[in-house]
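Hi,

Here is the structure I said I would pass on. Have a look at it first, and my notes on what turned up follow below.

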Amino acid sequence: MKKLFSAVLLIISVGCFSQNNIPQAVQESFNKKFANTTVKKWDKEDGGYEANFSKDGKSMSATFDANGTWKETETDIKITELPTSISEYIKANYKNAGIKEAAVIETTKGKMYEAEVKDKDLLFDMNGKFLKEEED
């Protein structure tokens with residue numbers, strides 16, 4: 001029983017530690033870009049930090065480097081909100097695979113659509129043209 005209690009306490013401690021040790025520059029950048037928004041959860045990601053939150057009824061995440069520079073924002077959308085050309089591309093190139101999730105990704109270079117299919121992220125420009133495939 002002591003081992004179980006210790007394991008649970010360790011998990012809780014690590015979760016609290018990661019939530020409270022976000023660099024001030026990262027927190028300030030988030031608050032500036034997403035004023036009046038509360039982060040539900042912070043995660044470490046690729047040497048930076050990812051904030052998970054909701055805004056305007058949408059589930060979102062934003063990533064920042066360790067210095068607080070914003071990298072990207074991902075906004076979940078309904079699969080039906082993807083352009084028809086994306087659905088048609090997936091039907092033609094990923095037989096018998098359904099779209100699991102969809103999002104709009106905004107970076108310093110612009111916006112793009114993301115569709116998750118068979119544990120892969122398919123990226124499309126805002127006109128629905130296929131750009132590339134990435135491992136999820």
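β6 and β7 run antiparallel and are joined by five bridges. The two strands make a hairpin with two residues between them, and Lys-118 in that turn has a positive phi of about 50°. Keep in mind throughout that this is a predicted model.

One of the residues in that pairing is Ala-115, which has Leu-122 in β7 as its bridge partner. Ala-115 sits in strand β6, and it counts as buried because its relative accessibility is 0%. The strand around it goes the same way: six of the eight residues of β6 are buried, so β6 is largely enclosed by the rest of the structure.

What does Ala-115 touch, once you leave aside its neighbours within four places in sequence? The contacts are Leu-82, Ile-90, Ile-99, Glu-101, Lys-120, Asp-121, Leu-122 and Phe-124. There is also Lys-100, which is 15 residues away from Ala-115 in sequence, with 7.4 Å between the two C-alpha atoms.

On the β5 side, β6 is held in another antiparallel pairing, this time with seven bridges. A hairpin with two residues links β5 to β6, and Glu-101 stands opposite Glu-116 of β6.

Now the whole sheet. It is an open one, built from eight strands in the order β1-β2-β3-β4-β5-β6-β7-β8, with antiparallel pairing. β1 (39–45) and β8 (130–135) are at the edges with a single partner strand each, so one side of each has no neighbour in the sheet. From one strand to the next, the twist averages 25°.

For the overall layout, the protein chain has three helices and eight strands. Reading from the N terminus, the elements come as α-α-β-β-β-β-α-β-β-β-β.

- Helix α2 (residues 24–33) lies across β1, β2 (48–55), β3 (58–64) and β4 (70–77), at about 130° to β1.
- Helix α3 (residues 84–93) lies across β6 (110–117), β7 and β8, at about 135° to β7.

Of the 136 residues in the chain, 35% are buried. As for contacts between residues at least 6 apart in sequence, 29% of them join residues at least 24 apart.

The largest pocket has a volume of about 610 Å³. It is lined by 28 residues, and the closest to its centre are Glu-45, Glu-72, Glu-74, Glu-114 and Asp-121. The elements that contribute two or more residues to this lining are β2, β3, β4, β5 (101–107), β6, β7 and β8.

Which element gives the most to the lining of the largest pocket? That is β5, with five residues. And what is the lining made of, by residue type? There are 16 charged residues, eight nonpolar and four polar ones.

Cheers

Technical notes: Residues are numbered from 1 along each chain as its sequence is written. This is a predicted model: local features need pLDDT of at least 70, side-chain atom pairs count only at pLDDT 80 or more; totals for chains, interfaces and linings use all residues. Side-chain values use heavy atoms; hydrogens and water are left out. Two strands pair if DSSP finds at least two bridges between them. Helices (H or I, at least four residues) and strands (E, at least two) are DSSP runs, numbered from the N terminus. Axes are lines fitted to C-alpha atoms, for helices over the stretch in contact, and angles run from 0 to 180 degrees between N-to-C directions. Contact means heavy atoms within 4.5 Å. On a 1 Å grid over the protein atoms alone, a cavity is a set of points where a 1.4 Å probe fits but cannot get out, and a pocket is an open set with protein on both sides within 12 Å along at least five of seven lines; lining residues have an atom within 4 Å of a point. Grid points are joined across faces, edges and corners, and a volume is the space filled by probe spheres set on the points. Ala, Val, Leu, Ile, Met, Phe, Trp, Tyr, Cys and Pro count as nonpolar, Asp, Glu, Lys and Arg as charged, and the others, Gly among them, as polar. Buried means under 20% relative accessible area, exposed over 50%, partly exposed in between (1.4 Å probe, protein chains only).
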